[in-house]
Amino acid sequence: MISSIKYSTSSLTCSAFSSRKLSGPRPQFYTLPTNIQQNTDSCSSHSSSQRSLYMSSTGNFTLLPKLRKSVTECQAYEADKSRPLEINIELPDEQARLETAQKLKIGLYFATWWALNVVFNIYNKKVLNAFPYPWLTSTLSLAAGSLMMLISWATKIAETPKVSLEFWKALLPVAIAHTIGHVAATVSMSKVAVSFTHIIKSGEPAFSVLVSRFLLGEAFPLPVYLSLLPIIGGCALTAVTELNFDMTGFMGAMISNLAFVFRNIFSKKGMKGMSVSGMNYYACLSILSLLLLAPFAIAVEGPKMWAAGWQTAVSQIGPNFVWWVIAQSVFYHLYNQVSYMSLDQISPLTFSVGNTMKRISVIVSSIIIFHTPVRPVNALGAAIAILGTFIYSQAKQ
């Protein structure tokens with residue numbers, strides 16, 4: 001049965017009600033209601049209008065009982081407004097504006113990431129020069145970040161992540177690798193110059209390819225393998241010509257490279273399908289790494305060594321030493337947090353290029369600030385290694 005009838009007022013005129021014949025006996029109409037009469041009186045003056053007329057109700061005028069059962073009752077109203085179609089169409093100017101805004105956003109992420117990383121490395125090296133306890137220094141870095149995020153979640157500044165037990169299980173191997181890499185890098189910087197540590201750490205792509213090839217059986221194109229030659233050669237040339245070479249510092253940087261490669265592998269395998277933002281992901285990683293690192297830090301160095309070293313550092317540096325420790329702890333979390341946030345916005349290739357440029361900024365700034373002596377052949381080795389890292393990031397895609 002038809003529930004609504006739609007006519008055009010150009011075809012439905014006053015005469016339609018009076019002269020149109022119905023099949024069967026001629027119906028008798030009762031008096032029309034006032035509102036219907038007003039509409040019919042004005043019908044002729046508006047018969048040329050093309051506005052839609054919707055049949056609404058025949059309840060106010062009645063046919064004979066014989067025919068009433070066969071008449072469909074419906075409601076009517078005159079459509080006086082048209083509703084536009086809601087179609088999301090981005091104009092070229094709007095698309096250009098959005099692309100420009102996205103580029104500015106990524107540029108801001110990169111600039112902030114590099115600046116925070118430079119500041120962290122400077123204060124971290126200052127702290128380690130006066131307080132040579134890398135295990136406690138690493139623990140304080142993770143503790144500061146964990147405390148900052150817990151406060152942010154409690155005060156609703158940041159959205160609290162909704163994680164399950166499966167999430168923490170998948171995060172555990174990532175946290176183990178992250179903890180080892182973090183401590184190893186800090187140990188390295190406590191023994192050698194910041195620039196030397198970062199030059200060696202620029203060889204991380206070589207470890208990534210070798211581990212993926214021999215442990216995971218993953219094959220790579222020939223250009224990827226060829227890009228490893230300048231990386232390995234540049235790092236070797238830098239190590240041989242380093243004036244303040246230290247085996248512990250060198251091995252710390254190498255172990256850090258290997259640990260971070262496994263961290264990336266575990267992260268890709270275990271975190272698939274886990275919908276957690278980059279900021280909250282790193283926050284959870286910091287908390288779990290802190291729980292893993294604290295007992296080992298106490299066992300390796302211990303509160304007695306920390307107390308003696310702290311007293312010596314404060315007596316030599318003064319109150320500024322406390323601010324150095326706070327700064328290196330806070331900036332460590334901030335630069336890592338921004339790097340994970342930027343990874344949400346960009347492709348892995350862009351992130352790799354940004355990471356390479358970050359190492360250049362750290363190396364150059366640390367050489368200037370700490371007046372690190374650099375031989376020309378040493379600088380050449382660093383340039384070759386970093387160039388190889390850039391070539392690798394291009395060939396990997």
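1. A crossing is called left-handed if the near helix is turned anticlockwise from the far one by less than a right angle, and right-handed if clockwise; helices themselves are DSSP runs (H or I, at least four residues), numbered from the N terminus. By that convention, α8 passes α9 in a left-handed crossing. This is a predicted model, in which local features need pLDDT of at least 70 and side-chain atom pairs count only at pLDDT 80 or more, whereas totals for chains, interfaces and linings use all residues. Residues are numbered from 1 along each chain as its sequence is written, and side-chain values use heavy atoms, with hydrogens and water left out.

2. The axes of α8 (residues 204–214) and α9 (residues 222–241) come within 9 Å and cross at roughly 135°, where axes are lines fitted to C-alpha atoms over the stretch in contact and angles run from 0 to 180 degrees between N-to-C directions. The two helices are therefore oblique to each other, a class that takes what remains once angles under 35 degrees count as roughly parallel, over 145 as roughly antiparallel and 65 to 115 as roughly perpendicular.

3. For α6 and α7 (residues 194–201), the axes come within 8 Å and cross at roughly 140°, which makes α6 oblique to α7. Here α6 passes α7 in a right-handed crossing.

4. The largest nonpolar core has 28 residues, of which W153, L171, Y281, L285, Y332 and Y335 touch the most other members. Such a core is a set of buried Ala, Val, Leu, Ile, Met, Phe, Trp, Tyr and Cys residues joined through side-chain atoms within 4.5 Å, and buried means under 20% relative accessible area, exposed over 50% and partly exposed in between (1.4 Å probe, protein chains only). Helices α4 (92–130), α5 (134–154), α6 (165–191), α11 (278–300) and α13 (320–343) each supply at least two residues of this core, and α11 gives the most, with 9 residues. Apart from it lies another core, of 11 residues, among them V127, W306, A313 and V325.

5. The count of aromatic pairs comes to 14, a pair being rings of Phe, Tyr and Trp (its six-membered ring) with centres within 6.5 Å, stacked if the planes are under 30 degrees apart, edge-to-face if over 60 and tilted otherwise. F131 and Y133 form a tilted pair, at 4.7 Å centre to centre and 55° between the planes. F131 is buried at 2% relative accessibility, and Y133 is likewise buried, with a relative accessible area of 16%. Ring pairs link F131, Y133, W310 and F321 into a cluster.

6. The charged end of K126 sits over the ring of Y123, 5.6 Å from its centre; the criterion is that NZ of Lys or CZ of Arg lies within 6 Å of the ring centre and within 35 degrees of the ring normal.

7. K156, which is not a glycine, has a positive phi of about 65°; K156 is found in the loop between α5 and α6 and is exposed, with a relative accessible area of 67%. H371, also a residue other than glycine, has a positive phi near 55°; H371 is found in the loop between α14 (348–370) and α15 and counts as exposed at 66% relative accessibility.

8. I391 is found in α15 (residues 376–395) and is partly exposed, with a relative accessible area of 38%. The C-alpha atoms of I391 and L228 are separated by 8.8 Å, although the residues are 163 residues apart along the chain.
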